[in-house]
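Here is a colleague's note on one structure. Please keep the sequence and the 3D view open while you read.

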Amino acid sequence: MLDLRLGAEALFKQFHDNRKRNIRAAIRNGIEVSEEKTDEDLAAYWEVYRGWRETERKKVRAESSFTQVKKVHELSAIHRRFLARYKGKPIAATSVRFCPTGLIEYAGNFSLDEFIGLRPNDL
């Protein structure tokens, strides 16, 4: 959990050196992150999620559907999703939950295997 009241700079200083290095690398690699807001973003989120789930190295047992993802998407006051793009292509996503007291919970992330080296989820 992160206390967002500290501000971006103070939070960044608290990160482990490896995390800071990976964030800087993602920026140098041209990764761009934006909040999922549109139906197109939601569809891109779902496609990245499906691609992540279907890799051979994963053993994801929980079932989920686009309908379930859309229901959570509608809870924008407490739940947000972010997409990482490389050259405009969605390659990774992160989900977070917000608590009324100003805390944020990093709920999960996933990325397409061929782009892991660009460090999108760190950013």
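## Pocket, core and helices

1. Start with the second largest pocket. Strand 5 supplies the largest share of its lining, with four residues. The model is a predicted one. The lining has 14 residues in total. Those nearest the pocket's centre are Tyr45, Arg81, Ser95, Ala107 and Phe110. Helix 3, helix 4 (66–73), strand 3, strand 4 and strand 5 each give two or more residues to this lining. The space in the second largest pocket is about 240 Å³.

2. Now the core. Which residues touch the most other members of the largest nonpolar core? They are Ile31, Tyr45, Ile91 and Phe110, out of 19 residues in that core. Helix 3 (39–53), strand 3 (79–86) and strand 4 (89–98) each supply at least two core residues. Helix 3 gives the most, with seven residues.

3. Take Ile91 as one example. Residues up to four places away in sequence are not counted here. Ile91 then touches Ile31, Val48, Ala84, Arg85 and Tyr86, among others. Its list also includes Ser111, Leu112, Phe115, Leu118 and Pro120.

4. Look next at the aromatic rings. The whole structure holds seven aromatic pairs. What kind of pair do the rings of Tyr45 and Phe110 make? Their centres are 5.2 Å apart and their planes meet at 75°, so the pair is edge-to-face. The cut-off for that label is over 60 degrees. This pair links distant parts of the chain. Tyr45 sits in helix 3 and Phe110 in strand 5 (residues 103–111), 65 residues apart.

5. Are these two residues buried or exposed? Tyr45 has 4% relative accessibility, so Tyr45 counts as buried. Phe110 has 5%, so Phe110 is buried as well. The cut-off for buried is under 20%. Both residues also belong to one aromatic cluster, formed by Tyr45, Trp46, Tyr49, Trp52 and Phe110.

6. Back to helix 3. It has 15 residues. From first C-alpha to last it reaches 21 Å, close to the 21 Å expected at 1.5 Å a residue. Its buried residues are Asp41, Leu42, Ala44, Tyr45, Trp46, Val48, Tyr49, Trp52 and Arg53. Keep the general rule in mind: an α-helix has 3.6 residues a turn, so residues three or four places apart point the same way.

7. The buried residues of helix 2 are Lys20, Asn22, Ile23, Ala25 and Ala26. They pack against helix 1 (8–14) and strand 2 (31–35). Helix 2 is followed by Gly30, which has a positive phi near 85°.

8. Lys20 lies in helix 2. Is Lys20 buried or exposed? Its relative accessible area is 14%, so Lys20 is buried. Leaving aside neighbours within four places in sequence, Lys20 is in contact with Phe12, Lys13 and Phe15. Tyr86 is 66 residues from Lys20 along the chain, and their C-alpha atoms are separated by 19 Å.

9. Check two backbone angles. Most residues other than glycine have a negative phi. Lys87 is not a glycine, yet its phi is positive, about 55°. Lys87 is placed in the loop between strand 3 and strand 4. With a relative accessible area of 72%, Lys87 is exposed. Arg119 is also a residue other than glycine, and its phi is positive, near 65°. Arg119 is placed in the segment after strand 5. Its relative accessible area is 28%, so Arg119 is partly exposed.

10. End with Glu9. Glu9 is found in helix 1. Glu9 is exposed, with a relative accessible area of 60%. How far apart are the C-alpha atoms of Glu9 and Arg119? They are separated by 20 Å, while the two residues are 110 residues apart along the chain.

Conventions. Residues numbered from 1 in each chain as written. Predicted model: local features only at pLDDT ≥ 70, side-chain atom pairs only at ≥ 80, totals over all residues. Heavy atoms only, no water. Buried < 20%, exposed > 50% of the residue type's maximum accessible area, 1.4 Å probe, protein only. Contact = heavy atoms within 4.5 Å. Core = buried A, V, L, I, M, F, W, Y, C linked by side-chain atoms within 4.5 Å. Phe/Tyr/Trp six-rings, centres within 6.5 Å; stacked < 30°, edge-to-face > 60°. 1 Å grid on protein atoms, 1.4 Å probe; cavity = no way out; pocket = protein on both sides within 12 Å on 5 of 7 lines; lining within 4 Å. Points joined across faces, edges and corners; volume = space filled by probe spheres on them. Expected span 1.5 Å × (residues − 1).
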